[in-house]
Amino acid sequence: MPESKSAPGGADGRSGDPYRVMVVDDSAVIRGLLTRSLEEDPSIKVVASVGNGEIAVKTLDRHDIEVIILDIEMPVMDGLTALPKLLEKKPGVQVVMASTLTRKNAEVSLRALQAGAADYLPKPSSTSELTSKDAFQRELTEKVKGLAAAARPANRPVVARPVASKSPMPAPAVRKIELRKASPALPRLIAIGSSTGGPQALLEVLRDMAAAVKLPILITQHMPATFTTLLAEHIGRATGVPCAEAKDGDKIVGGQIYLAPGNYHMVVERKGVDSIIRLNQDPPENFCRPAVDPMLRSLSKIYGSDLLTIILTGMGSDGKKGAVEVVEAGGTVIAQDEATSVVWGMPGAVATSGLCSAVLPIKEIGPSVRKLVMRSAA
């Protein structure tokens, strides 16, 4: 799990104001364990703990809540039914769907992401598993902090939008983005890295360009195994382009989308004139497996200036080190902009490091890639 950006000003996002969370789960035991896990971090306060979606909606009348951990299967009102009601009552609240790693619940979680949930959390299937997994607690707390920090306007850095103000309060710091020229070479492969908010962003970008560019597209999305299987199916249906979890030994061909399977890094090696996908379970990088950095490192060595990389919304900075190697090899990097990112961690890391040729709203990325490929081919 990638690390979130730390909250400015110390342990809390606003002075003396911890991130406010509601836990919604029909199991009192699970609610208790989630609450204890969250409140071990002093920057998080669980202000409400309720047993179903209906109570959760009513609770928004009494508490100012920033992040909701929402179970899927509950009596009275389940998570998928409650989600639009929660978002309607408090626009901007960040909802994390919590589900066990079954195919059914993964499918519901993906539907919830398309309906406005910010992220998902694979929930351990037993209380003993929950209490024994440091990785789960890290993922839980980092997601809550990252989403809450991104939703607080004061925490969002102003990027290339200097605004004159008559207020005596100091203006937010401006982080200048320096762009570099795109490679003049014809892209032969597109690599995409994404995390929090990624499934929705991937569908938006790929609908706009996957069928048109007819290039091989490799994707690393931070996601567990069951979810990547379903995401590949969703992408295939949404784009009309063949998409599947990559398999070790797959030969890379044009017009195919390859998604890194959960719990495996996806890298590429040259074999004769062919490029072959290799999967491995090397240690996680940036707390992630699959991670974007190893994919980009391997691709930059083979494709050099012919590699086009896109970094979409996500927590942490996975992809930044790989993007450095892409640029050093002559390739091109495009990042999603802050305004349309759920969390501007990964794209912000490459954008503010001077690695990008463009930093774009999500709706402009697909058309821009099509234009870049057509321009290069002309």
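A cavity is taken here, on a 1 Å grid over the protein atoms alone, as a set of points where a 1.4 Å probe fits but cannot get out, and its lining residues have an atom within 4 Å of a point. Grid points are joined across faces, edges and corners, and a volume is the space filled by probe spheres set on the points. The model is predicted, so local features need pLDDT of at least 70 and side-chain atom pairs count only at pLDDT 80 or more, while totals for chains, interfaces and linings use all residues. Residues are numbered from 1 along each chain as its sequence is written, and side-chain values use heavy atoms, with hydrogens and water left out.

The largest has a volume of about 40 Å³, and its lining consists of S183, A185, P187, S305, D306, L307, L308, T332 and L372. That lining divides into 5 nonpolar, 3 polar and 1 charged residues, where Ala, Val, Leu, Ile, Met, Phe, Trp, Tyr, Cys and Pro count as nonpolar, Asp, Glu, Lys and Arg as charged, and the others, Gly among them, as polar.

Attention now turns to the packing. A nonpolar core is a set of buried Ala, Val, Leu, Ile, Met, Phe, Trp, Tyr and Cys residues joined through side-chain atoms within 4.5 Å, with buried meaning under 20% relative accessible area, exposed over 50%, and partly exposed in between (1.4 Å probe, protein chains only). The largest such core has 61 residues, and I68, I190, I192, L206, M209, I217 and V369 touch the most other members. Helix 7 (residues 198-213) supplies the largest share of this core, 8 residues. Leaving aside residues up to four places away in sequence, M209 touches I190, I192, I217, I310, G366, V369 and R370 (contact: heavy atoms within 4.5 Å).

Some backbone details are also worth a look. In the loop between strand 11 (274-280) and helix 9 (292-303) sits P290, and the R289 to P290 peptide bond is cis, with omega near 10°. F287 lies in the loop between strand 11 and helix 9 and, although not a glycine, has a positive phi of about 65°.

Technical notes. Helix = DSSP H or I, 4+ residues; strand = E, 2+ residues; numbered from the N terminus. 1 Å grid on protein atoms, 1.4 Å probe; cavity = no way out; pocket = protein on both sides within 12 Å on 5 of 7 lines; lining within 4 Å.
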